[in-house]
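Let me look up a few spots and jot down what turns up.

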Amino acid sequence: MIELSSDIGSADKHKQFSSGFRESSSSSRKAVTDRTSGQIPVICAENLVKTFGIFHKVNSVNGISFQINSGEIVGLLGGNGAGKSTTFDMLSGLTRPTGGKISLFDSQTQAWIPITNVPLYRRALHGICYLPQKPSVFAGLTTRQNLLGIMEIMSSRDLKKSMEAYDPSLQTREDFCDSLLTLFDLYKRRDEKVSKLSGGEKRRLEIARSFIRKPRLILMDEPFAAVDIPGIDICGQMFRKVRDMGVSILIVDHRVDEILKLCDRAIYLENGIIHAEGKPWEIVRVPAVQRNLLLALTESLLKMFPEPEEKMNEKIQNENFHGENESRFFQTRPTSTSTTVRVEEI
Ligand SMILES: Nc1ncnc2c1ncn2[C@@H]1O[C@H](COP(=O)(O)OP(=O)(O)OP(=O)(O)O)[C@@H](O)[C@H]1O
Ligand SMILES: [Mg+2]
């Protein structure tokens, strides 16, 4: 088990983690890339286990491993009791794992930093931002004051660094604030009390606020709860914008269709293990996902996420070569030759 102090010590030794804003676009950076996707890793979970209870033990999470890369949106899916919230809490630092390891990648030193037992507030200093289900913005302040308030309590050195990473032409904190309000489509509502904002606007304000501290990974717990359909669309556009700036997002939500529309990759949990992992078009073809999550949505999602042309061609070739039996086999095992999907126990 890694000691809290040694975790922090090693993180501090390496000083500042690189900015999430520019990391993915920096061609000069000597990048260690993920073997499978060619992307820069951000966080890695290895063999995570969480057991609750002493006499009557509940294995909430049973040894899961995954990695999230820079600038990708990953959806964490699963039915009730699958272990989503527990996984999420371990990543954010709200819950200590019973076993396994969580590490953050420092792209400046190209080293993995263990953060397994680092609490939430210290993870935040290293760019892991946790957005709880209920937006935690200050209701009595205006939209603008919510952002300026955070800037005021930051040291001028940290704020300057953040502004430079975001946009080197920014001069004042007011400029930074206005620029974030514009990015998140809140400028028109800048002097409105937050209590008067809609659920979606509050969510956007919360993300804008997280941007002040250069996030690398935003963990979003049910971001679409209490957000209407047009609001979900606007939030989705924002998330993509954020992703395109090199920030990674991990989303847990019960709106499976909305998550699949948004994410680059999804991880499907069942009984505390990763049952399937892959791109949305692959995930919607996993029978357990169809059975347990999609139900009536299956047909429309299969149409929405057709198999890519090269997969179709591959499938036709397989059919010609191996005959009918092989093609039936392929339909139930989307792993086939894919590099990203992993399906177990179907
Ligand atoms: N504090 C706890 N004490 C005991 N058991 C727990 C605790 N938290 C979670 N569990 C159990 O762990 C399992 C996974 O729970 P978790 O909350 O992670 O599921 P989930 O995928 O988030 O489900 P949901 O979709 O219902 O929110 C469940 O069986 C749950 O009862
Ligand atoms: Mg949950």
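**Before anything else.** I'm working with a predicted model here.

**Entry: who surrounds the ligand.** I looked up the shell around ligand 1 and got F52, V58, S60, G79, N80, G81, A82, G83, K84, S85, T86 and H254. Sorted by class, I have three nonpolar, eight polar and one charged residues.

**Entry: which elements supply the shell.** I found that β2 (58-69) and α2 (84-92) each give at least two residues. The largest share is from α2, with three residues.

**Entry: polar contacts.** Which side-chain atom lies 2.7 Å from an oxygen atom of ligand 1? I traced that one to K84, where the atom is a polar one. From S85, an N or O atom of the side chain is 2.9 Å from a ligand 1 oxygen. With G81 I had to look at the backbone instead: a polar atom there sits 2.8 Å from an oxygen of ligand 1.

**Entry: how covered is the ligand.** On its own, ligand 1 has 630 Å² of accessible area, and I read that the protein covers 59% of that.

**Entry: T143.** I then moved on to helix α4 (residues 143-153), where T143 has its place. Is T143 buried or exposed? I get a relative accessible area of 0%, and buried means under 20%, so T143 is buried. Leaving out residues up to four places away in sequence, I listed what T143 touches: L181, L186, R189, R190, E192, V194, L197 and L205.

Notes: Residues are numbered from 1 along each chain as its sequence is written. Chains are lettered from A and ligands numbered from 1 in the order in which they are written. This is a predicted model: local features need pLDDT of at least 70, side-chain atom pairs count only at pLDDT 80 or more; totals for chains, interfaces and linings use all residues. Side-chain values use heavy atoms; hydrogens and water are left out. A residue is near a molecule or strand if one of its heavy atoms lies within 4 Å of it. A polar contact is a pair of N or O atoms within 3.5 Å; within protein, one must be able to donate a hydrogen and the other to accept it, and residues adjacent in sequence count only if both atoms are side-chain atoms. Accessible areas come from the Shrake-Rupley method with a 1.4 Å probe; for residues, only the protein chains shown count as cover. Helices (H or I, at least four residues) and strands (E, at least two) are DSSP runs, numbered from the N terminus. Ala, Val, Leu, Ile, Met, Phe, Trp, Tyr, Cys and Pro count as nonpolar, Asp, Glu, Lys and Arg as charged, and the others, Gly among them, as polar. Buried means under 20% relative accessible area, exposed over 50%, partly exposed in between (1.4 Å probe, protein chains only). Contact means heavy atoms within 4.5 Å.
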